[in-house]
Amino acid sequence: MPNLNNTYVSAPLTNFSVGYHPKGLVARQILDIVPVVKESGEYFVWNKDDAARVPNTLRANGAKANQLDFDLDSNGTYRCHEYALKALITDRDLANADSVLRLQQSKTMRLKDVIELDLEKRVATLVTTSGNYASTNTTTLSGANQWNNSGFVGSIESDIDTGKEAVRQQTLGLDPDTIVIPSAVAKVMKRDPNIRELVKYTHQDLLVDGDLPPVLWGMKVVIPKAVNNTSRKGNSTQTLADVWGKHVVMLVSNGGGTIDVPTFGKIFMQGSEYVKTWRDEELTGDFYQYGLLSDEVITASSAGYLIVNAIA
């Protein structure tokens, strides 16, 4: 009797497939996109000390008002780099593909996914590097000072207040408007007794990822969830890590297009993201390429505060 398991050839479903796409990307939420025409250029940075110094403003009757000069501190610079990936779809691939795969759309979407994940990694590295902050605007927690330590002796809200005050002082009165709390840290924070009191009065449908209110201590809550596989392709053991690590960041992040707002950073982007295709007759197929030109820049190191290793 024939083995039916060996004589049956399964056909892929034509209405379902499984695909993985990076989720919880926040780079474009926390840093404004600044459209630029040229790949490189400069922007003005005004002197901060002049803005906070009050000269004699008293004007006697018939006298001239004192003249105030505003000096440029420096010119900031940006230089866009191109980030792009391509994929080949041969005529044979296309002819043999099941309709559910929609090869052109599917491969282009995956190219975009990886380019956007790369942008996320660059922004996360930029924003979670202590050296990119003013010396007063970063702290590293360890041991009993970490929020998930069994002997935690501090106060999460006190640590946040310290950061907010540092930003306010350094920006001449601006409070950070955004707090970036990686998913693993958010799950620790929501169990803190004091924060649970805040969550208790928040409608569950409004919680960010079911963890925290959309606004905490006057700051918009952003919870990145992106995961990066750091192992080499072909390695049977995958190494997954949170792109944003275990650090908490408070930023003046959104200038809303307003000139002269000292936001912590910007993404300078030349043109728009692009998709282009071309034919390669030797390979009897079509290439699909997705890319963008950008530069991620710290524009005001004093407009942010970094808590390194908020949890262990």
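## Asn145

Asn145 is partly exposed, at 41% relative accessible area (partly exposed lies between buried, under 20%, and exposed, over 50%, using a 1.4 Å probe and protein chains only). You'll find Asn145 in the loop that runs between strand E5 (138-140) and helix H6 (156-170); helices (H or I, at least four residues) and strands (E, at least two) are DSSP runs numbered from the N terminus.

Neighbours within four places in sequence aside, Asn145 is in contact with Phe152, Val153 and Asp159, where contact means heavy atoms within 4.5 Å. Asp159 sits 14 residues from Asn145 along the chain, with 9.7 Å between their C-alpha atoms.

## About the model

This is a predicted model, with local features needing pLDDT of at least 70 and side-chain atom pairs counted only at pLDDT 80 or more, while totals for chains, interfaces and linings use all residues. Residues are numbered from 1 along each chain as its sequence is written, and side-chain values use heavy atoms, leaving out hydrogens and water.

## The whole chain

The protein chain has eight helices and 14 strands. Its radius of gyration is 25 Å, well over the 20 Å that the globule rule gives for 312 residues, so the chain is more spread out than a compact globule (the radius is taken over C-alpha atoms, and the rule is 2.2 Å times the number of residues to the power 0.38). Along the principal axes, the C-alpha atoms fill a box of roughly 110 × 55 × 35 Å.

As for burial, 37% of the 312 residues count as buried. Among contacts between residues at least 6 apart in sequence, 77% join residues at least 24 apart.
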